[in-house]
Amino acid sequence: MSEQRDIRIEVPVLARVEGEGALELEIENGRISDLKLRIFEPPRFFEKFVEHYHCDAVIDMVARICGICPVAYQMSAAQAFEGLFGADTGPWVRDMRRVMYCGEWLQSHSLHIHLLAAPDFLGFNSALEMAEVYPDEVRRGLMLQTLGNDLIALFGGRSVHPVGLRVGGFYHAPSVEEVDAIRRRLDAALPEVEALIAWCASLDLPDDRQSFVSAGLRHPDEYGMYSGRLVSDQGQDIDISEWDAHIREIHVPHSTALHAELEGRPYLVGPLARLNLNLDRLPSETAAILERTGFAFPSDNMFHSMLARAVEMHVAVIDAARLLADYRVPERAWVEWEPRPGVAFGASEAPRGTLWHRYEVDERGHVSGARIVPPTSQNQARIEQDIASSLHELGLDKDEDALRLRAETVIRNYDPCISCATHFLKIRVHRR
Amino acid sequence: MRLVLIGIGSPFGDDTLGWQLVDALAARGLRLAGWDVSFSRADRPGPSLLDRLQAQDAAIIIDAMHLGGSHGSVRLVQRDELEASGSLLSGHALGVAETLELGEKLGMLPPRLEILGIEMGAGLPSEAVDEAADLVEGLFGT
């Protein structure tokens with residue numbers, strides 16, 4: 001006897017939608033015999049688009065890869081070129097870039113927690129439903145998201161695809177008055193983020209412990225974000241120029257985004273992996289709040305990712321406020337540099353995980369080759385592992401709706417940059 | 001009484017009409033006695049739109065749309081004419097309709113909210129500015 005059931009989820013036609021995702025699942029004799037997360041991602045084309053362009057233009061071009069995390073793309077690219085050219089941007093540029101990056105973490109994490117992930121854990125179909133029951137929490141989330149957007153716009157001119165960054169620094173330094181105004185908002189936001197951590201910790205998150213490898217950037221004296229070495233909880237400690245010796249990208253037929261393996265194994269990047277690897281780099285206030293939640297980290301429960309995001313929002317508010325505390329307008333917001341031919345490497349921590357860039361650059365500072373490895377690609381193999389494990393845990397005899405909801409919840413939990421696509425998840429279950 | 005006119009759009013392409021129209025209305029100066037009028041551009045709907053609507057007594061949202069009219073024609077659009085997905089499941093899908101629905105549930109909308117749609121197309125015809133100014137003055141003028 002064989003039975004095949006196809007389920008098709010209605011896909012509404014929406015503007016401002018990027019990407020598409022689908023899941024294929026085959027269940028044979030009560031076991032998963034095949035599971036494929038099918039996704040389509042744009043970065044492959046961008047790697048060709050940027051060829052022959054000057055590095056300053058490339059910084060703005062790669063920002064277009066994502067509307068939610070453009071800053072991450074700019075930061076990885078800018079540092080790659082500066083590293084190759086030997087341009088020491090100095091502490092002011094470095095600190096202000098971290099502040100801008102904090103803005104992106106704030107807005108992206110808040111968006112994910114409140115509009116994408118939390119409804120799953122509270123039993124709502126959408127954030128709109130959730131907003132009726134939890135209006136204060138959603139308002140708080142929107143306030144934090146707006147604050148993050150405004151931090152990006154402070155340095156980037158605008159929050160979507162900001163244009164303020166250049167190789168060597170920024171085009172423009174904000175005024176003391178502008179910085180004072182946003183610093184007051186950061187101070188006011190601090191207790192709100194603390195309350196957010198407590199709220200996330202109070203949610204009934206599934207108890208689903210799994211074995212996985214955490215990887216992410218680690219910096220000598222700050223929480224991994226702007227720069228660092230790639231480390232893992234399996235002992236890897238890699239200079240980002242050595243990336244290719246340890247991470248292998250693999251093409252799989254069912255996805256246009258490459259899968260990636262660290263020393264031959266799937267691995268996790270993103271908030272939970274970062275927190276697991278950076279516990280001793282948390283600001284002391286954040287560490288104390290995390291301890292009060294009673295949750296033990298490092299954690300092997302993927303569903304603790306949401307709590308990790310809230311913790312990272314606290315880090316972002318504390319760091320941004322600290323770095324802006326003695327703000328001064330510099331004589332110039334950038335340093336001079338001369339192009340130099342060679343291979344440039346840059347990596348930073350996008351909200352969703354490590355974002356690695358490699359550029360071949362000619363003597364005029366024009367890009368002749370590019371490779372970009374975004375976090376969602378790196379997490380694909382891990383997501384497939386997670387779905388299989390989580391569905392087994394749930395019970396494969398459950399109906400398709402329950403299986404789809406759990407699979408969607410697992411995928412959303414990674415906040416994939418094709419989040420829009422994974423929400424229109426088409427699932428096809430073959431039973432034999 | 002505070003009234004804000006918010007143009008929604010992006011810097012390039014037909015979608016920039018919302019910005020162009022709000023800029024043109026600001027440049028023209030509207031006769032709206034009793035209203036403290038401000039003008040703003042939003043680069044995407046979502047939380048930042050709700051933030052701009054806070055502490056306002058009234059707001060007019062101006063956006064380029066496919067209304068079925070001729071290029072540049074302007075008309076008031078009812079909330080229920082906007083097609084909301086009703087799901088608000090993705091950051092990318094946070095359109096005007098979804099954002100206003102969320103704002104309503106959170107009590108973040110001003111007491112008076114009007115939506116002014118301009119038919120998509122390349123460039124802003126001057127008649128569109130006249131039409132829009134007439135509509136706004138009809139609604140809020142004395």
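In the predicted model, A:Ala350 stands opposite A:Gly353, a residue of strand 12 of chain A. Strands (E, at least two residues) and helices (H or I, at least four residues) are DSSP runs numbered from the N terminus, and two strands are taken to pair if DSSP finds at least two bridges between them. Because the model is predicted, local features need pLDDT of at least 70 and side-chain atom pairs count only at pLDDT 80 or more, whereas totals for chains, interfaces and linings use all residues. Residues are numbered from 1 along each chain as its sequence is written, chains are lettered from A and ligands numbered from 1 in the order in which they are written, and side-chain values use heavy atoms, with hydrogens and water left out.

Strand 11 (residues 342-350) of chain A is joined to strand 12 of chain A by nine bridges in the antiparallel sense, and the hairpin formed by strand 11 and strand 12 of chain A has two residues between the strands. Strand 12 (residues 353-361) of chain A is mostly covered, with eight of its nine residues buried; buried denotes under 20% relative accessible area, exposed over 50%, and partly exposed in between (1.4 Å probe, protein chains only). Strand 12 of chain A also pairs with strand 13 (residues 367-373) of chain A, again antiparallel, over six bridges. Within this pairing, A:His357 has A:Ile372 of strand 13 of chain A as its bridge partner. The hairpin of strand 12 and strand 13 of chain A has five residues between the strands, and A:Gly365 there takes a positive phi near 85 degrees.

A further element of chain A is an open sheet of three strands, with the order 6-7-8 and antiparallel pairing. Strand 6 (215-218) and strand 8 (237-238) of chain A stand at the edges, each with a single partner strand, so one side of each is left without a neighbour in the sheet. Strand 7 (residues 229-232) of chain A is connected to strand 8 of chain A by two bridges, and A:Val231 has A:Asp237 in strand 8 of chain A as its bridge partner.

Two buried residues of chain A were examined individually. A:His259, in strand 10 (residues 259-262) of chain A, has a relative accessible area of 5%. Beyond residues up to four places away in sequence, A:His259 touches residues including A:Arg248, A:Glu249, A:Ser377 and A:Glu384, contact being defined as heavy atoms within 4.5 Å. A:Met302 is located in the loop between helix 10 (284-293) and helix 11 (305-324) of chain A and is buried at a relative accessible area of 2%.

Overall, chain A comprises 14 helices and 14 strands, and 62% of its 432 residues count as buried. The accessible surface of chain A (Shrake-Rupley method, 1.4 Å probe; for residues, only the protein chains shown count as cover) comes to about 16400 Å², with 48% belonging to carbon and sulfur atoms.

Chain B contains four helices and five strands, arranged along the sequence as β-α-β-α-β-β-α-β-α. Of its 142 residues, 54% are buried. In chain B, 78% of the contacts with a separation of 6 or more link residues 24 or more positions apart. The C-alpha atoms of chain B fill a box of roughly 40 × 35 × 25 Å along the principal axes.
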